[in-house]
Number of protein chains: 2
Amino acid sequence: MADKKKRVKVDSDSDDEYNSNRKSLPFKKRLKPDEEILSILKDLTESIQAKINTNKALTLADLQLSSSCREVTDLDLSSVQDEIERCILGITQSIMSGKGFAFDIPARSNTNQLYVPELDRIVLKDKTSLRHYANVATVRKTTITTRILQLIHQLCLKKIHVTKRDLFYTDVKLFQDQNQSDAVLDDVSCLLGCTRSSLNVVASEKGVVVGRIIFSDNGDMIDCTKMGMGGKAIPPNIDRVGDMESDALFILLVEKDAAYMRLAEDRFYNRFPCIIVTAKGQPDVATRLFLRKMKMELKLPVLALVDSDPYGLKILSVYGCGSKNMSYDSANLTTPDIKWLGVRPSDLDKYKIPEQCRLPMTEQDIKTGKDMLEEDFVKKNPGWVEELTLMVKTKQKAEIQALSTFGFQYLTEVYLPLKLQQQDWL
Amino acid sequence: MADKKKRVKVDSDSDDEYNSNRKSLPFKKRLKPDEEILSILKDLTESIQAKINTNKALTLADLQLSSSCREVTDLDLSSVQDEIERCILGITQSIMSGKGFAFDIPARSNTNQLYVPELDRIVLKDKTSLRHYANVATVRKTTITTRILQLIHQLCLKKIHVTKRDLFYTDVKLFQDQNQSDAVLDDVSCLLGCTRSSLNVVASEKGVVVGRIIFSDNGDMIDCTKMGMGGKAIPPNIDRVGDMESDALFILLVEKDAAYMRLAEDRFYNRFPCIIVTAKGQPDVATRLFLRKMKMELKLPVLALVDSDPYGLKILSVYGCGSKNMSYDSANLTTPDIKWLGVRPSDLDKYKIPEQCRLPMTEQDIKTGKDMLEEDFVKKNPGWVEELTLMVKTKQKAEIQALSTFGFQYLTEVYLPLKLQQQDWL
């Protein structure tokens, strides 16, 4: 009986192996030994580091653009405090000299935004508008602006971080609606010329990191190879993150947590030394700041694994070029030169993803895809245009998880190693 | 000039202090020295541990209920494999003996659910229904059930974890829609009598933990006092979590990540030794399993900090008594004896939360509140009934963040210490 049972097990196992081999064999047998793939990755890393070391990073100032642009920088707390005091002092002098009470607020609307191909990100042009206190149309916003400046000043003195929601609740009577305090908070960032994280107002964290990186979070040293499967939650306040060290060859940016989980459980970072990071969907500010900091300090290539749909590409573009809503802060939030590793529209046929694992694109998907084709940051990368055109033409999309059709570990055991071996990124 | 600037700073600071003191002084001055509060907490912890050690935990079997109930247990992988093989063997014998091919699936509908006050959780009664292969109405579901059993069997052999989404993608053609494979997955849990985590199918993780706990995640030792502000992401697979050690006096369960962040940055766990945990909103399975494991292994009181609205209480009840959807697994997912620390409806007046920081309840809120009043697990706690009745009567709700109106750190410096000192939990 025991024998029989054992045989049943072995049979069913080998049967599965057979089935998944039959489907995945054409790709599995193309895989070279890991050493060869590792040497490809080493070349990639070296070329990225050489590029970073020789090319001084371009800044807005280098470009001599026709329209001048506005960018914010990271400021320490005492500089933010100085800026606020300088701003208020200026207004006091304006009032005393009879010129009245007004803030000169940078415009953040679409028409004041510009995509700069040399920098590969969206920046804000220098249009501003006066926000007068002695004007019925703007008195409320002027009052809110003053109150936010006062609250930020308090944060500087107390040296603590708060969320936008906390900020709203300190004066609900005045703000009425969180949208109002949030919008003015962005105005204040632009006005003071500093990033929102410099204001010590942080977004909620949802990102996770695991793999070959050690860093300090609020004074504690974190070793992300020893974070089990759960990984380390990415800290909401990037200014308390530092001392990054890594022996990784690349950063693997993953859209979804299901794929992240597979990679973490299989400890993919031990086979191919890498740092695995995900924001679990839409990139949040904390994850974007963290990714940029890794890229800048460790000088590693970033390879992205997203769904093959317009939103996957959109997410990639938010990491890479910034969101329109926070274009004033694009220099600090974006990570240049992200490579699109997969899942790309051309992979669907190449890897023979079965028809039933592909999903038809909705009208909205197709519209989003066509809109993306018009975006400058897609246009400047011919490979991306080609892929996106194929997607819109075939009207098919697929999730990363579609690869599970060849077996649960196909992603980590065949797809990704082969992609790396073939240097198949754009 | 430097002098003048300094004076301006000091003035504005003391002015803020004055304002926030004026509002919070009545409560701040009631605070006793920390040692006295700590001794109150020690008493609480000891009483909880004494209760746990003397009262043997009640189980369904002890209760001799009129209707018999079904519960699932944690099984190790090889037991799950055995159960699947036993199930399939039974069906084979049924076919061979001419009785046909059918699964006897436990019903998971509302009418088959029962709240057991002695256990303080929802359980499943023992109604089942036959799922025949040779019946047009059920042939599809029978096929899906067989396929899911086969896939879980594979997971047992490979010893890996996957998500529900992965499972769906292994056979999109058959499952058609993820809802179908998800529902059958719950059926299979009931059928095999094991928890869903025993099946190695995990939910996505979103919880975070920080504070006085050390545990192992997939073999790595994690010290949560050294996790900075970001904290440790709660692992998706509880079966790889173990070796919990702690010198905490209680577990602080927090609904929202904004409050969590305040507590983590202020290192509240160092002033009052505790473990701080949040699922960032709706409790997910991983966080519920983790909370239960902490409570059971460390034998600590659990104090909950949620919004003062019907959903805050609902979240508390999901942690405490389980969700209807997974009632078959309530024994493993629920944490008994959670105390409602705050923010409670009576706190709004008691702590003089200003009118503008309270929000009017919507019709839907009021309906949810009234529905909750009819729930057994609310009814059995007279204090909760009183609070909820007050909420529905005043038609007012408030978020934890409303406390920011008295200063950003009011939560950690006044509200929580005072609550603990006054043993103000229900």
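What we have here is a predicted model, where local features need pLDDT of at least 70, side-chain atom pairs count only at pLDDT 80 or more, and totals for chains, interfaces and linings use all residues. Residues are numbered from 1 along each chain as written, chains are lettered from A and ligands numbered from 1 in the order written, and side-chain values use heavy atoms, leaving out hydrogens and water.

So, which residues of α2(A) meet α18(A)? They're I37(A), I40(A) and L41(A), and across from them sit P417(A), L420(A) and Q421(A) in α18(A). By type, that contact has five nonpolar residues, one polar and no charged. Helices, by the way, are DSSP runs of H or I, at least four residues, and strands are E runs of at least two.

α2 covers residues 34-54 of chain A and α18 covers 410-421, with axes 8 Å apart and an angle of about 55°. Axes here are lines fitted to C-alpha atoms over the stretch in contact, with angles from 0 to 180 degrees between N-to-C directions. The two helices are therefore oblique, the label left over once you take out under 35 degrees (roughly parallel), over 145 (roughly antiparallel) and 65 to 115 (roughly perpendicular).

Next, an unreviewed UniProt entry puts "domain: Spo11/DNA topoisomerase VI subunit A N-terminal" at residues 140-201 of chain A. That stretch is 71% helix and 5% strand, and its end C-alpha atoms are 22 Å apart. UniProt annotations may be inferred rather than shown by experiment.

Last up, chain B superposes on chain A by a 180° rotation with 0.0 Å of shift along the axis, RMSD 0.0 Å.

Technical notes
Contact means heavy atoms within 4.5 Å. Ala, Val, Leu, Ile, Met, Phe, Trp, Tyr, Cys and Pro count as nonpolar, Asp, Glu, Lys and Arg as charged, and the others, Gly among them, as polar. Copies are superposed by least squares on the C-alpha atoms of residues with pLDDT of at least 70 in both.
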